[in-house]
Amino acid sequence: MGGLEEIKRWISNRRTWFEQDDRPFMRPRAILLEGFPGCGKSFIARAIAQEWRVPQINFEISRLQSKWVGESESNTYQALRAIEASAPNILFMDEIEKAFSGVGETAAG
C-alpha cells in the first residue's frame, strides 16, 4: 500500500493486540472505520486482515433481510454465530445504515 504512513504505522503497532494469549480479555472487540464513500475503508480493512494474518469476512446486511416474519432475525443470529466461531477475524460491514432504513416508520409513512 502506498502512502497512508500514519495508518500503516497504526496497523503495525496494534498487531500485538490480537496476539495477547496471556490476557485474551484485553483483546479489542472492534475497530470502527468511518468515513466518506471512496476514502479507502474497504482497502484499509483488507490491509489490516493481511497484516494481522486473520481472515476478513465481508458481512452484507442486505442479504440477511427477508420478507417473512422472524426470518431476518434468524439469519442474523446464524451469521453472527458463524462469525464469532471464526474469531479472531476482521469483520467488514459496509453500508450499515441500510440495515436501519425504515426503522421507526409508521405504516402510513
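Tutor: A residue is called exposed when its relative accessible area is over 50%, buried when that area is under 20%, and partly exposed in between. The model is a predicted one, and the values below are computed from it.

With these limits, E6 counts as exposed because its relative accessibility is 57%. Its partner in a salt bridge is R9, and the closest N and O atoms of this pair are 2.6 Å apart. R9 has a relative accessibility of 43%, so it counts as partly exposed. Both residues belong to helix α1, where they stand 3 residues apart, about one turn of the helix.

A further salt bridge joins E5 and K8, with 3.2 Å between the closest N and O atoms. These two residues are also in helix α1; because they are 3 residues apart, about one helical turn separates them. E5 is partly exposed, since its relative accessibility is 47%. K8 has 26% and therefore also counts as partly exposed. Side chains of opposite charge can pair when their charged atoms come close. The criterion for a salt bridge is a side-chain nitrogen of Lys or Arg within 4 Å of a carboxyl oxygen of Asp or Glu, and the count by this rule is 2.

Helix α1 also has a part in covering another helix. It spans residues 5–14 and, with β1 (56–59) and β2, is included in what covers the buried residues of α2. Those buried residues are K41, I44, A45, A47, I48, A49 and W52. Helix α2 itself covers residues 41–52; its 12 residues, at 1.5 Å a residue, should span 16 Å, and the end C-alpha atoms are 16 Å apart, so expectation and model agree. Directly after this helix, R53 adopts a positive phi of about 55 degrees.

N89 sits in the loop between α3 (71–85) and β2 (90–93). Its relative accessible area is 14%, and N89 is therefore buried. Leaving aside residues up to four places away in sequence, N89 touches V54, P55, I57 and I83.

L91, M93 and I96 make a nonpolar surface patch of about 200 Å². I96 is located in the segment after β2, and it counts as partly exposed because its relative accessibility is 32%.

Finally, the chain as a whole. It contains 3 helices and 2 strands, which follow one another along the sequence as α-α-β-α-β. Buried residues account for 18% of its 109 residues. The accessible surface comes to about 8600 Å², and carbon and sulfur atoms contribute 53% of that. Of the contacts between residues at least 6 apart in sequence, 61% join residues at least 24 apart.

Note on methods. Residues numbered from 1 in each chain as written. Predicted model: local features only at pLDDT ≥ 70, side-chain atom pairs only at ≥ 80, totals over all residues. Heavy atoms only, no water. Helix = DSSP H or I, 4+ residues; strand = E, 2+ residues; numbered from the N terminus. Buried < 20%, exposed > 50% of the residue type's maximum accessible area, 1.4 Å probe, protein only. Contact = heavy atoms within 4.5 Å. Patch = residues over 30% accessible without salt bridge, like charges linked within 9 Å, V, L, I, M, F, W, Y side chains within 5 Å. Areas by Shrake-Rupley, 256 points an atom, 1.4 Å probe, with all protein chains shown as cover. Expected span 1.5 Å × (residues − 1).
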